Amino acid sequence: MTEQLAQTASSHPTLDSSTSMNTWELAKKRANAYLKLHRLPETEREQLLTRITSKLARAGLFGEQELIQLFISTAQAEVALLQAQAKADSSPQKAAQPTHSVTDEQDGKADNRTQTGPRFERSSIRVAPLQAITLLPSSRPRQRLITK
Amino acid sequence: MSEHSGQIPWQATALRRRVVFFSAIAVLTGLATFWLGANLPSELGFLWKLLVVVPFAVLFLWLALGFMTAVAGIWVLNFGGQNRIASAPTSPLPQLQTRDTTAILLPIYNEDIAYVYAGLQSIYQSLEKTGQLQHFEFYILSDSDDASNWLREEAAWSALCRTVGSVDRIHYRRRKHRTKKKSGNVMDFCRRWGKRHPYMVVLDADSLMTGDALVRLVDAMDRNERVGLIQTPLYTIGLDTLYARGQQFVNRIYGPIFFAGLHWWWLGESQYWGHNVIIRTQAFMGHCHLPKLPEGGALGGEILSHDFVEAALLSRAGWETWLAYDMEGSFERPPPTLMDSLKRDRRWCQGNLQHWLIIWAHGIPNLHRFLLLGGIMSYISSLIWLGWLVVLTAIAVFYPKLTLIPLTPENTALLVMTLFLLFFYKTFGIAQAIRKRTVEHFGGILGLSSSILMETFLSMLTAPVRMMFYSKFVVQILQGKRAVWGTQQRTGGGLVWADAMREYGWISWTGLAWGVLLLIANPMTFLWMSPVIAGLVFSVPLGMLTSVQTSLKTNLFRTPDEVAPDYILQAFEQNYAAMLANPCMSTRDLFIRVLVDPLAFKQHMTYIPQRTNVPEGTRQQREELVKRLLEKGPSSISNSERLVIMEDAEMLTQLHTQVWQLPETQFHEHWMSKL
């Protein structure tokens, strides 16, 4: 998606350079904020940001909205790549963490769900009958309480 | 009763005891009623006499029942203990042999999450200390339908598992649809996991149970294969309003006596009080799935007070239900103020009145019919009392020259007997405290005595207030007005005068008018009824007084749980403070956090299923929801819409990216600034 957006750059009119610089900084700041929330080590985050910035430097000028979209989608792709690499490099034994089952945010799969409880061992349960008794003769018919 | 054999020793004992017990009650009630009836003025017509004597007999019967229970209790505590179901608290802790784990269930619904999880952690740690944690697993069963609460519960569960270093022992499940409220929640657990666990311990959101108590309960179930349920005695702790501390004191000083007394005549047909109980899972699953009562009447619909009914159904199926009367280590929190207690009672009143339909069901054991009736009477008796007082007032007005209760020897004896039954059991509490050398834990002899005097004074004043409210509840319910069974207020205090006027004002005015009428019409009757009138007139300041925060350093209403708290109570205080400081508790809006914070988003995504077949109509509705959320921010959608988003992985993924791609102003104003 990033490449497609970048390839359409040539059809956009040229923007004022100071405006485009502000827009660029804004989008970069947004991507930086996004990466910060991943709690990556500082150096790793800076490297990622540099990589994103240089990737997008080749893409021409965009409006604020498109640039933000580009930066964020690129950041997401880079983070996903980083995590995939980390998974491939990590030891086979997973740490015992309840958050260990991290879902790929762009392709959430059911089998990556965190098990918050043991496997079900389903039972069917019948409703208890509650049938009224009649103490005295009554003109009303004997009432049977509803059971499900 | 038992499925397994004919006469079983405890049943014969129970029968003998109940004959003696109810005979004594009948004698006392008969004597009192005779004295009253025989000494009524002859000028009074037969109908008036009937209206005086019959309600009196009913009320006196329940008074005598309470007193005789206390007498039985003091006997058991000093000379009894042969028919206990669980090992004595002072005996060595048994070593469990079961291979299967016991499930500890924590059904919650929009609760104070820090309190709930701190409690769970404390129970976990208490079990760890016994060295028998491996025999237990915890299930947090959430019915929370507030999006923020749900998210906070998830985050807190994750944090708790990390703190205690366990992912296999503490489970979390949130139910999407709150069918049949708490009883449905427990039954849902049974459907999913009932087969895994031979026993389940049901807790309430504010319950605490020590590891010692839990181990003894499991041991008792292992040794007694006919037992379906063991209820523990409940001790109230944890709050500092005057009302709550009074309740905690009363519970501690008299509770052991009454629990022992109840055990004495209940034996294997005990009631179930809804929590802090161990239940044989298969027995519960086989017999306690509650039906819905027929709609249309005032008492129809879902069974609200499920606990009494479940005990009756277990008993009907031949299972024994016991009260482990002297077990220590089972705690809950009282309502913080009189008003909170009354709000809780409104819900319970509706649930208990419904039991009128259960009493007449086939197969319910007679004692359980009586116990269900007792639950009903705990509210209906207020209406009877009010009616009786109205009759006395009417007599006072229509016969102003008449002395309704002249000072004859019989009436003096009646007065003495009534006061004796009302107040003498309090000396049992003092006697027990002296015998067990716990007087210092109640504030010394001075503290203990002043606490008893104060709680007597307060209960005398609040009884008429309860009478008015309970009467109102009964009338409303029989008129078909429903109680909403919402979240209980579990903390609090600090009522303001305006609120107190609004809640209690009508009672004060009623008391004032009543008092003036009697003072004018019949000053002697006014004198007799002055304690009741005083309670009504002063209900507003009384309501305020009960909500006042007290210092735990004062000598008033001190209890052993304050002076020498159990390990679990100390652990709880630390865990609660730590949980409150946890970031997941302080984050303002977790809904925003899940949508914005990539880690929170990823974590939540792992909890929800991936839905593949979304109908077109639903898809369009959801697209509209996404559009509105992005344009106008989180405040533009309702809680139920938030829940829809939180349960839909596809919407979440879409929103997470699109929020980050919003224009700068929108992004900051609606999202980043609120993170």
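Which strands of chain B does helix H4 (residues 147–164) lie across? Helix H4 of chain B lies across strand E1 (102–108), E2 and E3 of chain B, and runs at about 170 degrees to E3(B). Contact here means heavy atoms within 4.5 Å; axes are lines fitted to C-alpha atoms, for helices over the stretch in contact, with angles from 0 to 180 degrees between N-to-C directions. Helices (H or I, at least four residues) and strands (E, at least two) are DSSP runs numbered from the N terminus.

This is a predicted model, in which local features need pLDDT of at least 70 and side-chain atom pairs count only at pLDDT 80 or more, while totals for chains, interfaces and linings use all residues. Residues are numbered from 1 along each chain as its sequence is written, chains are lettered from A and ligands numbered from 1 in the order in which they are written, and side-chain values use heavy atoms, with hydrogens and water left out.

**Sheets of chain B**

Two strands pair if DSSP finds at least two bridges between them.

| Open sheet (chain B) | Strand order | Pairing | Edge strands |
|---|---|---|---|
| Seven strands | E3-E2-E1-E4-E8-E6-E9 | mixed | E3 (170–174) and E9 (320–323) |
| Three strands | E5-E10-E7 | mixed | E5 (208–209) and E7 (235–236) |

Strand E2 (residues 136–142) of chain B runs parallel to E3(B), and five bridges join them; B:Phe138 stands opposite B:Ile170 in E3(B). Helix H6 (residues 211–223) of chain B lies across E1, E2, E4 (199–202), E6 (227–231) and E8 (277–280) of chain B, at about 155 degrees to E6(B).

B:Met209 stands opposite B:Ser330 in E10(B).

**Cavities**

A cavity is a set of points, on a 1 Å grid over the protein atoms alone, where a 1.4 Å probe fits but cannot get out; lining residues have an atom within 4 Å of a point. Grid points are joined across faces, edges and corners, and a volume is the space filled by probe spheres set on the points. There are four cavities of 30 Å³ or more.

The second largest cavity holds about 40 Å³ of space. Helix H5 (residues 181–193) of chain B gives the largest share of its lining, three residues. Residues lining the second largest cavity include B:Lys180, B:Met187, B:His289 and B:Glu310.

**Annotated spans**

The unreviewed UniProt entry lists several spans of chain B as "transmembrane region", among them residues 20–38 and 50–77; such annotations may be inferred rather than shown by experiment. Residues 20–38 of chain B are 100% helix, with end C-alpha atoms 26 Å apart. Residues 50–77 of chain B are also 100% helix, and their end C-alpha atoms lie 40 Å apart.

Definitions and conventions. 1 Å grid on protein atoms, 1.4 Å probe; cavity = no way out; pocket = protein on both sides within 12 Å on 5 of 7 lines; lining within 4 Å.
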